[in-house]
Protein chains: 6
Amino acid sequence: MPIVSITRIVKFNAAHRVYNPSFSDEENKRLFGKCNNPNWHGHNYALEITVEGEVDPGTGFVVNLADVKRIAEREIVDAVDHKNLNLDVPFMSGTIPSTENLVLACWRVLAPQLAPARLAKLKLWETDNQYVEYDGR
Amino acid sequence: MPIVSITRIVKFNAAHRVYNPSFSDEENKRLFGKCNNPNWHGHNYALEITVEGEVDPGTGFVVNLADVKRIAEREIVDAVDHKNLNLDVPFMSGTIPSTENLVLACWRVLAPQLAPARLAKLKLWETDNQYVEYDGR
Amino acid sequence: MPIVSITRIVKFNAAHRVYNPSFSDEENKRLFGKCNNPNWHGHNYALEITVEGEVDPGTGFVVNLADVKRIAEREIVDAVDHKNLNLDVPFMSGTIPSTENLVLACWRVLAPQLAPARLAKLKLWETDNQYVEYDGR
Amino acid sequence: MPIVSITRIVKFNAAHRVYNPSFSDEENKRLFGKCNNPNWHGHNYALEITVEGEVDPGTGFVVNLADVKRIAEREIVDAVDHKNLNLDVPFMSGTIPSTENLVLACWRVLAPQLAPARLAKLKLWETDNQYVEYDGR
Amino acid sequence: MPIVSITRIVKFNAAHRVYNPSFSDEENKRLFGKCNNPNWHGHNYALEITVEGEVDPGTGFVVNLADVKRIAEREIVDAVDHKNLNLDVPFMSGTIPSTENLVLACWRVLAPQLAPARLAKLKLWETDNQYVEYDGR
Amino acid sequence: MPIVSITRIVKFNAAHRVYNPSFSDEENKRLFGKCNNPNWHGHNYALEITVEGEVDPGTGFVVNLADVKRIAEREIVDAVDHKNLNLDVPFMSGTIPSTENLVLACWRVLAPQLAPARLAKLKLWETDNQYVEYDGR
């Protein structure tokens with residue numbers, strides 16, 4: 001049976017500040033530049049959620065995308081949209097809110113909720129010019 | 001010799017209805033929601049066709065994209081553009097026209113026509129928010 | 001007081017057939033080409049809804065976009081999304097479902113519902129390569 | 001002599017909170033919904049800057065876009081990029097940071113700096129789904 | 001009768017060098033910077049062609065877009081695609097190939113060919129970050 | 001430790017001519033069609049640079065994207081932007097400037113400069129409709 005992947009994109013926007021509280025102000029400034037602004041800045045994020053599996057002959061679907069969308073909105077969008085990633089989001093608590101750490105946290109949240117569908121990849125855009133990807137390795 | 005992949009995108013639009021004639025109306029409605037409208041709906045599709053191979057030192061090409069485009073237009077676009085995926089497309093006959101089944105059918109049609117060039121991946125967008133991918137596994 | 005315009009984009013997909021029942025089959029084919037397929041075809045549409053006015057000093061808004069979105073979804077998206085423009089949409093009844101006629105019908109539906117906010121322009125994309133605009137003239 | 005317009009797009013990202021300090025918390029919540037989050041949220045903004053005039057026969061230019069870019073970066077991007085629109089931006093001080101007020105402030109800043117080139121329109125995107133426009137009226 | 005506009009987008013790519021042969025090398029360098037490279041550079045252009053008029057009740061069309069496309073390909077795309085704007089394009093001969101001059105030349109070529117349809121606007125993208133517009137004034 | 005990839009996109013535009021000087025004019029024309037224009041043509045290119053590795057717990061970063069951007073601009077953009085790929089770019093010298101050969105040359109230039117960060121993939125867009133990818137195999 002062939003393995004097909006299917007992807008749903010969800011969007012949200014959020015504020016954050018990239019810094020490490022255990023570093024000095026100078027070190028934070030040197031490492032994180034403008035992203036270290038103590039008054040925050042923000043982004044429109046887009047998250048591509050890819051699920052992989054065999055095609056069900058009864059539905060023609062790997063997974064019902066309506067389910068993926070519902071789970072993504074409940075678990076991710078409701079938690080981060082119009083929020084502050086440093087202050088408001090339980091699953092980011094204690095983490096530097098880099099795009100890398102955000103995509104890893106989304107994986108930890110989504111993978112068990114999507115099961116038995118198999119989460120295969122997350123691609124998270126922070127701006128038009130940069131994105132991160134994680135595939136569970 | 002390094003292996004490079006090269007991708008050409010073609011576009012088409014089509015009508016379809018996602019349903020399984022062996023299911024009851026209620027079951028079809030429950031499974032497929034709005035996509036089950038008996039009067040059809042439609043999409044602008046974009047198909048990314050990826051061919052992979054060594055670079056020919058004489059041309060600098062893995063494959064001549066003009067050939068990929070010609071084959072894709074003859075085999076796919078002419079068959080599905082401004083058509084009804086349930087009624088008009090021989091290679092979709094007897095299949096639920098989900099995006100998953102459409103990408104698998106495109107693979108079966110394109111892979112032998114592109115040979116000896118090696119089809120490596122197809123990525124099929126149904127809307128700005130969702131796509132499927134198949135790599136021949 | 002300066003006049004600012006603000007625009008919200010909504011998306012929907014639909015099937016249609018462009019033809020005139022009072023013309024012969026040959027004339028329909030000559031005029032409408034592939035768009036005349038009797039088994040329908042379809043598109044992903046995007047509608048840009050522009051409202052214009054003075055900025056309210058209490059809110060900083062010309063209009064609350066949440067209201068524009070709610071009205072657009074109730075009046076337009078619910079009526080046309082995953083529908084057949086020829087068969088399913090009351091406000092298109094008896095009209096050739098060209099993009100021009102669809103944008104005019106959207107204007108007739110939206111303008112009174114958005115009042116007292118002043119609808120200033122509609123821009124309707126049928127594909128990535130074509131759109132129509134209407135500003136009430 | 002024909003009048004041509006030319007447009008340069010610049011991008012920035014920022015945090016903001018949409019609220020009116022003279023309203024109650026309940027009123028702010030009712031009016032501004034998620035945008036009223038006291039811990040901020042943010043966006044990737046894109047600003048389209050349109051200058052209009054006759055074409056100089058010596059250069060073929062209405063205006064040298066390198067000058068438009070330099071002025072836009074110095075006057076706008078340096079002031080708002082990776083900043084908090086409520087706290088960090090002098091030209092937004094005392095203003096509700098709605099998209100409407102932000103585009104008006106950009107106009108007030110840019111129009112005299114671009115002179116004698118004639119600023120004709122600003123279009124400011126806050127997300128992929130919404131934008132405002134101002135043309136000096 | 002309402003006035004609707006309809007737009008078709010065509011794409012082409014071309015090489016050019018922006019310089020004025022009556023200026024010194026230093027002056028050309030100062031005015032045109034990197035665009036003055038004597039060995040040329042190039043762009044992917046997109047031209048949005050907007051025609052305006054009443055909607056024909058027999059067709060639902062302002063103009064048949066198939067005609068606009070055919071005329072645009074014959075008059076513009078065939079002349080400039082994969083060409084050098086300074087050396088290969090008769091209608092640009094003797095002109096500095098700035099985006100402004102290119103859009104004016106496209107207007108002069110297209111307006112009479114599209115008649116009796118009324119050309120209302122041309123918008124020409126040179127990169128994702130800049131475009132010019134001309135409306136016949 | 002999970003492996004995350006992070007991607008930065010840089011853009012440039014350039015002229016080129018695709019031909020093989022050891023072939024006859026007829027053979028060049030047959031193989032390369034419009035791309036063989038002796039007066040050149042050009043494109044807006046976009047290069048997606050993907051680096052892969054473990055996330056540094058101190059920064060939350062796989063790599064500091066500011067470093068990737070600085071290296072990409074110094075090594076690639078400064079060498080090819082507003083240049084002629086056949087005449088002006090040392091690292092393309094003696095090579096047919098196909099997209100395939102350009103992406104391989106970018107890899108040879110970038111991989112050692114980015115080390116110890118691990119270059120994982122390059123994706124190079126030549127137009128909206130075509131791109132190549134290389135992952136070091």
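How many residue pairs are in polar contact between chain A and chain D? The count is 19 residue pairs, both residues of each pair being at pLDDT 80 or more; a polar contact is a pair of N or O atoms within 3.5 Å, where within protein one must be able to donate a hydrogen and the other to accept it, and residues adjacent in sequence count only if both atoms are side-chain atoms. The model is predicted, so local features need pLDDT of at least 70 and side-chain atom pairs count only at pLDDT 80 or more, while totals for chains, interfaces and linings use all residues. Residues are numbered from 1 along each chain as its sequence is written, chains are lettered from A and ligands numbered from 1 in the order in which they are written, and side-chain values use heavy atoms, with hydrogens and water left out.

The side of chain A that touches chain D draws two or more residues from each of strand S1 (3-16), strand S2 (41-54), strand S3 (83-84) and strand S4 (118-127) of chain A. Strands (E, at least two residues) and helices (H or I, at least four) are DSSP runs, numbered from the N terminus. By residue class, this side of chain A holds five nonpolar, ten polar and seven charged residues. Here Ala, Val, Leu, Ile, Met, Phe, Trp, Tyr, Cys and Pro count as nonpolar, Asp, Glu, Lys and Arg as charged, and the others, Gly among them, as polar. In total, 22 residues of chain A are in contact (heavy atoms within 4.5 Å) with 22 residues of chain D.

Between chain A and chain D about 1700 Å² is buried, 43% of it from carbon and sulfur atoms; buried area is the accessible area (1.4 Å probe) that two parts lose on being put together, summed over both. A:Asn39, A:Asn44 and A:His82 provide 32% of the area that chain A buries against chain D, more than any other three residues. Four salt bridges are found across this interface, a salt bridge being a side-chain nitrogen of Lys or Arg within 4 Å of a carboxyl oxygen of Asp or Glu. One of them joins A:Asp128 to D:Lys11, with the closest N and O atoms 2.8 Å apart.

Chain A is superposed on chain D (RMSD 0.0 Å) by a rotation of 180 degrees with 0.0 Å of shift along its axis, which is the relation of a two-fold axis. Superposition is by least squares on the C-alpha atoms of residues with pLDDT of at least 70 in both copies. The interface residues of chain A are, to 100%, also interface residues in chain D, so the copies meet through the same surface.

The contact with chain F involves 20 residues from chain A and 21 residues from chain F. About 1700 Å² is buried between these chains, 52% of it on carbon and sulfur atoms. One salt bridge is counted here, formed by A:Arg137 and F:Glu52 with the closest N and O atoms 3.1 Å apart. Ten residue pairs are in polar contact between chain A and chain F (both at pLDDT 80 or more). Helix H1 (25-32), helix H3 (99-114) and strand S5 (130-134) of chain A each supply at least two residues of the side that touches chain F; the largest share, five residues, comes from S5(A). That side of chain A comprises eleven nonpolar, five polar and four charged residues.

S5(A) pairs with strand S1 (residues 3-16) of chain F in the antiparallel sense over four bridges; pairing requires at least two bridges found by DSSP between two strands. A:Val132 stands opposite F:Ile6 in S1(F).
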